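The structure is shown first.

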Amino acid sequence: ASKSGPLSVEREGALLALDFPARPAVPCEAPAGLFAALGCSPRPVSQARDHMVVVDRAAEVRALEPDFAALAKVEMFGLIATAPGDDVDFVSRFFTPAAGIPEDPVTGSAHCTLVPYWAARLAKKALTARQVSRRGGDLVCEDLGARVRIAGRAVLVLHHGKEQVETALDVWRKAGLLPCPVDTVDQGEPLGTGHAAQAAAAALDACGAARVVVLCGDVPLLT
């Protein structure tokens with residue numbers, strides 16, 4: 001359970017899909033100081049939980065260099081900047097310096113607002129997205145009306161019992177018992193959960209990971 005209600009995850013081929021409530025934005029007045037802090041000319045603004053500014057080209061989103069100190073003083077929770085993509089349906093960036101995060105690398109919650117907007121604008125339900133932060137990440141999204149689905153891949157980090165897990169995965173793979181591909185990385189030294197997540201970073205980047213959930217191997221009833 002969460003503040004957003006039940007959140008589920010399902011396998012979709014090679015992907016794991018998370019189901020979130022949609023947060024469509026409505027037109028609003030721009031908060032004072034927004035465009036000066038963002039560093040772009042005034043554009044139409046809309047708001048759900050976060051404010052959203054739509055620009056014309058993906059290159060404009062990539063080129064933004066906000067004044068984060070000034071942006072933190074603007075009366076809003078977070079700011080989404082978005083535009084049509086070149087080889088994806090849309091691109092975005094997400095800034096929330098007032099919450100202590102100048103720019104979030106890839107933001108599932110922002111796509112609860114982005115997906116309804118771009119689904120309506122492009123007249124399509126299935127969308128490809130790219131968050132063009134410095135780290136960045138690709139997402140596969142679907143507009144379900146009151147909900148949105150955001151999909152990506154998972155990485156299994158191994159250390160203790162690595163050989164046994166790899167053997168089991170190989171047996172299941174050959175028997176056709178794996179419902180989706182499983183990417184694995186070797187942690188090397190057992191230096192804790194944070195180090196395990198760091199070991200997975202390159203693999204997560206390579207598969208375009210968006211929102212990252214870290215689960216210890218001994219989580220009860222993990223299936």
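The points below take the helix first and then the aromatic rings.

1. This is a predicted model, in which local features need pLDDT of at least 70, side-chain atom pairs count only at pLDDT 80 or more, and totals for chains, interfaces and linings use all residues. Residues are numbered from 1 along each chain as its sequence is written, and side-chain values use heavy atoms, with hydrogens and water left out.

2. Helix H4 comprises the 15 residues 108-122; helices (H or I, at least four residues) and strands (E, at least two) are DSSP runs, numbered from the N terminus.

3. Because 11 of the 15 residues of H4 are buried, the helix is largely enclosed by the rest of the structure. Buried means under 20% relative accessible area, exposed over 50%, and partly exposed in between (1.4 Å probe, protein chains only). Among the buried residues are His111, Cys112 and Trp118.

4. Just after H4, Ala123 adopts a positive phi of about 55 degrees.

5. The rings of Phe90 and Trp118 are stacked, because their centres are 5.7 Å apart and their planes at 5 degrees. Rings of Phe, Tyr and Trp (its six-membered ring) pair if their centres lie within 6.5 Å; planes under 30 degrees apart count as stacked, over 60 as edge-to-face and the rest as tilted. Phe90 lies in strand E7 (residues 90-96) and Trp118 in helix H4, so the pair ties together parts 28 residues apart in sequence.

6. Phe90 counts as buried, at 0% relative accessibility, and Trp118 counts as buried, at 0%.

Technical notes. The expected span of a helix is 1.5 Å times one less than its number of residues.
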